[in-house]
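Trainee: Before we go through this entry, could you set out where the coordinates come from and then let me work through a few questions with you?

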Amino acid sequence: MASRPDLDIDGLEKDTISSGAVSGFATGVFSIPEGMAYASLAGVNPLYGLYSGLVSSLVASLTTGTVLMISTLTSAIALSTGSVLDVADVSDDDMPRALFTVTLLTGAVMLGLGLARMGSMVSFVSNSVMTGFVAAASVLIIVGELGDFSGYDPDGSNKIAEIWDWFVHIGDWDGATTAVGLVTVVLVIIGKRIPATEKLAPVIVLLAMTVAVTILDPSSVATVADIASIPRGLPAPDLPAFALIPDLALGSVSVAIVALVQGAGISTAYPNPDGTTASPSRDFRGQGLGNIAGSFFQSMPTGGSLSRTGISVGGGAKSRWGGIFAVVWLGVLLLLFGSLAELVPLAVIAGLLFVIAGELVVGRLANAELAAHSSWGSTAAMVVTFVAAMFIPLQWTIFIGAGLSLVVFIGRSFQGGKVSELARSDDGYWSEHDAPRTLTSNTVTVIGLRNWKFFADVPRLAELMPRPGDASGAVVVVRSRDLDDIQSTGLRMVDNYRALLAESGNHLVLAGVQPHVAETLERTGIADKIGPDHIFLAGPDVTRSLDDAWEFAHDLVAGDS
C-alpha cells in the first residue's frame, strides 16, 4: 500500500533516533521561555504558549515538506494574534476559546492555500515590506513589555505616545522589578557571547533569575502566578468557539499570512538532508494541519520558526525526528515541572523579549540597507509598513504591506518594457541599439521587445515604436519571442500599428511569435490583416525565426523597389 504523500515515513527512518533525541531536548527546553514570553505578547495565559509547542508542532513536523522545520509560536504570530483578539473585542467569557478559534481559522487558511498550490504567493510580500513589518513588530514587542519590565504600565493613544509616557514617568518605575529586567537582559547578552552557553542562554538565565528572585522574595516583583495558573500536565481537549468565526475570520487571514511568510525562508536556509526540494505548498498544508489539530488542544496559532529550527539543526537534527522529540521533551518537562513555571518573574520574561526584539532588528539591518539602496519604492514600502504598525492594529499592517508590494511590482512592471533596434552583421551576429524614432524608405528595421508583461504598459509601447513619417516601402520586423501571451489591449495596439504602416505603404512582419500568441492572432482575424506569410513562429533555435523574417523583409523591400 502506498503511503500518504504528506506523511514521509521514509524520512523518519533514514536518520538515527539518537540525533533527534539530543537536538529535540535543546529545542524542547528552549520552547519553555519562548512560549511563555510570546504568549504574554498576545496578552493571554502563558500556558497556551507552552501548549503551542505540542500538538501543533508534532503534526507539522510529520507533514511539512521541509523535514527540519519546527513550526511553533513566534513573536510576530503572537503579536498578530493579540491584535486580532483586541480588534474583535473578545470578552473574558469568550476567552480562551476565541484564541483557539483564531488557531483553527489560521490553520484552515494555510491548508486551503496549500491545497490550491499557492505556495508561491509569499513572493508577493517583498523583502522591504517584511523588513518594515519585523522592525515594527520589534518595537511593539518592547512597548508591550514596558509594564512588566519596569512595574509601570504606560498609557497613550498609540505606541509612540506610550513610549513617551513611559519615559516621562520614570519616577514611577518599580526599582526591584526594573533591576530584575535589566539583569536579565545583561546576562542573556553575555550568555549568548559565550560559545558554551550561546544556544541555551535564555533557558539558563530564566532558571537562574527565577531561583534568585524566589530566594530574595522581593514583594513588588510580579510572577506568572499573579496572572495565570500553570497546572502540571498536558493540554486537555477543548473546542474552539465556532460562533465567533465571523468576527475572527478576516483577522485570522492576516495571522496566516504572517506565519507563512515568516516560514517561507526555512526551506532555503535548512534544505532537506536527502537533497529533495521542499514544496512551499506542502509546507503550507503541513502548518495548516498542525494548527487545525492544535486548535482542539489549547494551542495558539503557529508557523515555521527560523530561530527554533536553527536551534534544532544546531543541536544535530538531521530529519523529522528533531521536531518530534522536541515535542516529546517539552511534554515530559510539562508533566514533571509544569507548575514551577508560576514562579517565573514577569520582568524576566520581559527582559528575554527585549533581547529577542533587539536580535530581530539586528538580523534585519542588512535587508533594510538593501531596501534603502534598491529603489525609492522599496524604501517607501518599508517605511510605510513600519509607521502604519505604530498607529493601526498589526493585523491590518500585513495587508497594507502586501498591497504596497503589489503596487511596487506593478510600478516596476510598468517601466520594465524595452524597445530596441536589432542589427544583423555580415557574419550573421545580432547586436542591440537604441530604436529609431522614424523609419527610412525602402529599408528593413528590426525591433526587439523585452519585458512587456503588463497590459497597462501597452500605450507606452505604442509611443516607443518607430513612426513611418514620410517613409514608404519600409519593413518593420518585430521580434516578440519573450511575449508568451497577448490580451485585447495588446491586440489592438498590434492592429493599429499595422494599419499605421500600411497607410503609407510600409509593412509589418512578426518574428519569434509563440504558438499561443499566433493562435490568438489567427482567431481574432489580425493574422489575416498582417498576412499569414508575414508571421514567423518561434522554434527551438533562438534566432532562426528572426533570420528567416529578416531575409523575407529584404525580399519585400526588393520587390517594392
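**Packing of helices and strands**

Mentor: Leaving aside neighbours within four places in sequence, isoleucine 349 is in contact (heavy atoms within 4.5 Å) with Met36, Ala37, Ser40, Val224 and Val344. This is a predicted model, in which local features need pLDDT of at least 70 and side-chain atom pairs count only at pLDDT 80 or more, while totals for chains, interfaces and linings use all residues. Residues are numbered from 1 along each chain as its sequence is written, and side-chain values use heavy atoms, with hydrogens and water left out.

Trainee: Is isoleucine 349 buried or exposed?

Mentor: Isoleucine 349 has its place in helix α17 (residues 346–374), where helices (H or I, at least four residues) and strands (E, at least two) are DSSP runs numbered from the N terminus. Buried means under 20% relative accessible area, exposed over 50%, and partly exposed in between, with a 1.4 Å probe and protein chains only. Because its relative accessibility is 3%, isoleucine 349 counts as buried.

Trainee: At roughly what angle do the axes of helix α5 and helix α12 cross?

Mentor: Axes are lines fitted to C-alpha atoms, for helices over the stretch in contact, and angles run from 0 to 180 degrees between N-to-C directions. The axes of α5 (residues 75–87) and α12 (residues 245–263) come within 9 Å and cross at roughly 175 degrees.

Trainee: How many residues of helix α14 are buried?

Mentor: Helix α14 (residues 280–294) is mostly covered, and its buried residues include Arg282, Asp283, Phe284 and Arg285. These buried residues of α14 pack against α4 (55–63), β1 (71–72), α6 (97–115), α12, α13 (266–269) and β2 (303–304). Of the 15 residues in α14, the number buried is eleven.

Trainee: Which residue in β7 is the bridge partner of arginine 479?

Mentor: Six of the seven residues of strand β7 (residues 507–513) are buried, so β7 is largely enclosed by the rest of the structure. Five bridges join strand β6 (residues 475–479) to β7, and these strands run parallel, where two strands pair if DSSP finds at least two bridges between them. In β7, the bridge partner of arginine 479 is alanine 511.
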